[in-house]
Amino acid sequence: LTELDAIVGIYGAVDEAVQSDSDARARVAQLLPPYRDPDVHWYGDFVRWLSEERGVVAKRSESRFPALADALEQLGGGAAEGRMRARRMFAIAVAIRAFPEIGEPESALGSATVRALASPPSVEEPSATPAAEEPSAPPRADELSAPAGAEEERSAPAPAGVAHGGRRLQELLADNELLGGANGTRVLKLSTWWDQVVATALSEGVIPDGVGLRPMPCSGRVLTVPGVAGPVAALETQFQTDEVGFDAATRFIEPVNWKTCMPNFWCDMELTGRGVLPVLYRYHEVVSSDCKAGRGAPFRAETDLLFNFRWLPDEEHAEVALANYQLSDGRPLPDDLIRVDEGTVLVSKVGPGQTPLSITTTKRIQFSYPFSSEAIALIMCALGYADLAGQLLYCAATRGNAVGSGTDFPGESAPSAAGAPGPGAVNATTPAPGAASAAASSQVGQLVQDAAGVWARFLRQGASAIERGAAGGPAGGSGVAGEAPEA
Amino acid sequence: VGFSASDIVQGYATLASSLLERWNGLAADASRKFDAGEYDCESAANDLATSASLATEGIALWAEEMLKAASAFAGPGPSIVTSEPFRAPAGATLELAGPLTKGPTLDELPVSVVHLQPSQLSATETEFTLCVDAAGHRGATYFGTVNALTKTGTAPVSVWITVP
């Protein structure tokens, strides 16, 4: 089994735990909003579906993904690299909400977690002994959030650096204060929480660098859209970065690079031909949780995708590099697990220079099992199937400047604008509210409910502030009402 | 002039009640249109503007939240999508040069489902957006050209919109 199998196993254990523990569900929903719906579940169906596809009638307990303890032990066997570091950290942060003992270093699960989060000795503390052999004393409580503590950490010797790094990261990921308050009211946006975790870990030296850690994994927006053949789940991720330049980023859009950037999921992405026009490219895609296991992998699917690539408005004046894809003619085959797979990868300049960039990815996916949109979002999170943006950024950041890295973006210029580019997009860094691409998935009833909830919270806290003010106490309570959980 | 705590609470409650009623009215109207399949780009634009107006009467924090909700609302059906802003000469009349496409021989968004907001820029306006009813179309980024017509000529503007 692979690191990815272990991560799927962790998310699966979380999914099973929250089915019977509403408190755990609420805590997990802080990081994975689809769990706000008390009926959302996926793992049991996922395991049964994959088993049935193999012609095996399996019980839930017969999952081929590892159980929680085994998964953590497996992750502890080797340090994560690249984008998988972020995915491992986020999976553990989620698991801590479902299984609080994972956040306790002295417990069996907790010590396995420390090892799973530890950085390689070579980048942190060359003389350190292995984590399991020499755990360090836990930091004081006041070090967990105070900047002064961070300074002390940097200047203090770290005789058990590896263990300490893992333990400190475990604390940061478990820290509800960082997430927005121990009282359960989330103040921060999830992306802000993640950035703070990463920034703190970096400043304290418990992770060697921040490459590949942004954007936050599983941060895509899930929508249910009226597709060509009926409702289908769509995931959209959009973020801005100044970590890489436009030219470097475009060298990793072509799908053959996906296998290079995330070899533990994209086992194959081979150009197999051209479409009816030369600007259309056909690729054979094989994705798996264990590429080496072939058809014996716990999850494996393959299909053919048709791509086209565009510079906008044209190559000479490029502001945007765009790849669109959809299932190729002839797909899906009757036995295909993937019934719908289409979307876009869009890299656009935000200003006149190479940076900053806006990276947008969308993906519509439908499997041969009728998962709900929320379940599909969680499956995609576990597999990393919709993490193209994170991969692309990681690859460009680590290899973008190396000679021969990536491939030339095979874009055509849009014929209607070629030779006569217009003023182009504003590329506003602060677009008007609501103007960002806004396909809405929210059901109206849910929106009204959310609005009423926000308003009620505002009322409660405002009233509380007034009461305290009238009583001569501090007029607290502001600063929370307007910060709502992310959609 | 001093205010007692009860005055403040009363004013606060009145403000809250008024805003909540108006917000609920907006949401209920949008909900009716949504259920009836009548929600379109025009409805989205109007409701977004109304939401913004309501929100400005509240407090900044609540306004932020309402605008976030309105953003999701503005594309209220799963099929209504709004683009990022594009720039054209002030005062221009805007016309789509043709359908938006995701690539040759592939899916297109016909002119009839693409709305320019606004289609006529004022003397001080230089930005516009696209709004699309993408029901039944593939998830993709569609691109094309908007012609900006002014007294001095026509300027083509490259545009695109991502349909999740």
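Which residues in H6(A) are buried?

1. The model under review is predicted. In H6(A), the buried residues are Leu109(A), Gly110(A), Ala112(A), Thr113(A), Val114(A), Ala116(A) and Leu117(A). Helix H6 of chain A spans residues 108-117 and is mostly covered, with seven of its ten residues buried.

2. Strand S4 of chain A, residues 280-288, is likewise mostly covered: eight of its nine residues are buried. On one side of the pairing scheme, strand S3 (residues 266-274) of chain A runs antiparallel to S4(A) and is joined to S4(A) by seven bridges. S3(A) and S4(A) form a hairpin, with five residues between them. Within this pairing, Arg274(A) stands opposite Tyr281(A) of S4(A).

3. S4(A) also pairs with strand S5 (residues 300-312) of chain A, in the antiparallel sense and over nine bridges. Here Tyr281(A) stands opposite Phe307(A) in S5(A).

4. Over all chains, the count comes to four. In chain A, with the bonded cysteines numbered in sequence order, the pairing is 1-5, 2-6, 3-4.

5. Cys261(A) and Cys395(A) form a disulfide in which the sulfur atoms are 1.9 Å apart. The link of Cys261(A) and Cys395(A) is left-handed, with -120° about the S-S bond. This pair links distant parts of the chain, 134 residues apart: Cys261(A) belongs to helix H13 (residues 256-261) of chain A, and Cys395(A) to helix H15 (residues 388-399) of chain A. Cys261(A) and Cys395(A) are both buried.

6. A further disulfide joins Cys267(A) to Cys291(A), with an S to S distance of 2.0 Å. The link of Cys267(A) and Cys291(A) is left-handed, at -85° about the S-S bond. Because Cys267(A) lies in strand S3 of chain A and Cys291(A) in the loop between S4 and S5 of chain A, the pair ties together parts that are 24 residues apart in sequence. Is Cys267(A) buried or exposed? Cys267(A) counts as buried because its relative accessibility is 17%, under the 20% limit. Cys291(A), by contrast, is partly exposed, with a relative accessible area of 29%.

7. In chain B, a disulfide joins Cys41(B) to Cys131(B), with an S to S distance of 2.2 Å. The link of Cys41(B) and Cys131(B) is left-handed, with -90° about the S-S bond. The pair links distant parts of the chain, with Cys41(B) in helix H2 (residues 41-57) of chain B and Cys131(B) in strand S7 (residues 127-133) of chain B, 90 residues apart. Both Cys41(B) and Cys131(B) are buried.

8. Two cis peptide bonds may be noted in chain A. One joins Arg214(A) and Pro215(A), with omega about 0°; Pro215(A) lies in the loop between helix H11 (190-203) and strand S1 (221-227) of chain A. Another joins Arg331(A) and Pro332(A), again with omega about 0°; Pro332(A) is in the loop between strand S6 (320-327) and strand S7 (338-349) of chain A.

9. Positive phi values also occur in residues other than glycine. Cys218(A) has phi near 60° and sits in the loop between H11 and S1 of chain A. With a relative accessible area of 25%, Cys218(A) is partly exposed. Thr105(B) has a positive phi of about 70° and is placed in the loop between strand S4 (100-101) and strand S5 (108-109) of chain B. Its relative accessible area is 56%, so Thr105(B) is exposed.

Methods: Residues numbered from 1 in each chain as written. Chains lettered and ligands numbered in written order. Predicted model: local features only at pLDDT ≥ 70, side-chain atom pairs only at ≥ 80, totals over all residues. Heavy atoms only, no water. Buried < 20%, exposed > 50% of the residue type's maximum accessible area, 1.4 Å probe, protein only. Helix = DSSP H or I, 4+ residues; strand = E, 2+ residues; numbered from the N terminus. Pairing = 2+ DSSP bridges. Disulfide = S-S within 2.5 Å.
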